[in-house]
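Thanks, everyone. Let me put the chain on the screen and walk you through it.

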Amino acid sequence: MGKALFVYVPMDDEDAGKPVAEYFAIEGDTPRVSVCTSLCIYCFTRRVCALLRFTGNDDARKFFLEGEVTLNNIKSFGKDFLEDNLKPFFKSDPIPETNDGDVKIVVGNNFDEIVLDESKDVLLEIYASWCGHCQALEPTYNKLAKHLRGIDSLVIAKMDGTTNEHPRAKSDGYPTLLFFPAGNKSFDPITVDTDRTVKAFYKFIKQHAAIPFKLQKPESTQKAESTQKAESERSDQEVKDEL
């Protein structure tokens, strides 16, 4: 048996070509050759042909051949792959132009900057837009981020796991919640296994955060009208009741 298995899949095949192309994030008609850590080589053209490598573990790295798809280039590509000389490819949405929300948007290409920032404790949700459990969690997650937005050492973030990849963002399903303590980003993140309530998340973060913090009361505007003041007081009371 050879060292690599070559597979050809028609790109316009809804049952085979489309799912494989989506896995490799292949779009358009440009010929692409790729490898995944599974010992199998795929070459993608309009009728998708691809290279993959299976190692028998959960390593899902993928590699693409840069340049013209020729016999010699494919041979060199396969050789470099087997000798572990290729740089892996990870899917990523575009980096957001603005990221000022209470919940920070993480994509593959800004993961290191946000999640692996050693000066920040980071809670990351890996979600899928079609996931019902993720949709049910969203209001609670947004409320948690709103309550904690004044803490500079803490980041509440989320990443679409269907369109973004990173070697440190491994999920067994959606949603997956991971906590990355400050100053310990070289270690595996802590899986968040707690009730999905604002109070439970808050207690978990307080317990595992590397940088101690204290919840600050929301600032009130000096010229607030009486109705706005009443709403603010009710909001403060809700925070106290929940946390």
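Start with the core. The largest nonpolar core has 20 residues, and Leu148, Ile156 and Ile205 make the most contacts inside it. By nonpolar core I mean a set of buried Ala, Val, Leu, Ile, Met, Phe, Trp, Tyr and Cys residues joined through side-chain atoms within 4.5 Å. Buried is under 20% relative accessible area, exposed is over 50%, and partly exposed lies in between, with a 1.4 Å probe and protein chains only. Helix H4 (132-148), strand E8 (154-160), strand E9 and helix H5 (198-208) each supply at least two residues of this core. Helices (H or I, at least four residues) and strands (E, at least two) are DSSP runs, numbered from the N terminus. There is also a second, separate core of 13 residues, including Val106, Leu124, Val155 and Met159.

A word on the source. This is a predicted model: local features need pLDDT of at least 70, side-chain atom pairs count only at pLDDT 80 or more, and totals for chains, interfaces and linings use all residues. Residues are numbered from 1 along each chain as its sequence is written, and side-chain values use heavy atoms, with hydrogens and water left out.

Back to Ile205. What does Ile205 touch, not counting residues up to four places away in sequence? Leu123, Leu144, Leu148, Leu154, Ile156, Phe179 and Phe213. Contact here means heavy atoms within 4.5 Å.

Now E9, residues 176-180. Five of its five residues are buried. Thr176, Leu178 and Phe180 point one way, Leu177 and Phe179 the other. E9 runs antiparallel to strand E7 (residues 121-127), joined by five bridges. Strand E10 (residues 190-191) also pairs with E9 in the antiparallel sense, over two bridges. Pairing requires at least two DSSP bridges between the strands.

Next, salt bridges: a side-chain nitrogen of Lys or Arg within 4 Å of a carboxyl oxygen of Asp or Glu. The count is two. Lys79 pairs with Glu83, closest N and O atoms 3.0 Å apart. Arg149 pairs with Asp102 at 3.6 Å. That pair links distant parts of the chain, 47 residues apart. Arg149 is exposed at 54%; Asp102 is partly exposed at 31%.

Last, confidence. The average pLDDT, the predictor's confidence in each residue from 0 to 100, is 79 for the chain. Residues 218-225 stay under 50, with two contacts beyond four places in sequence.
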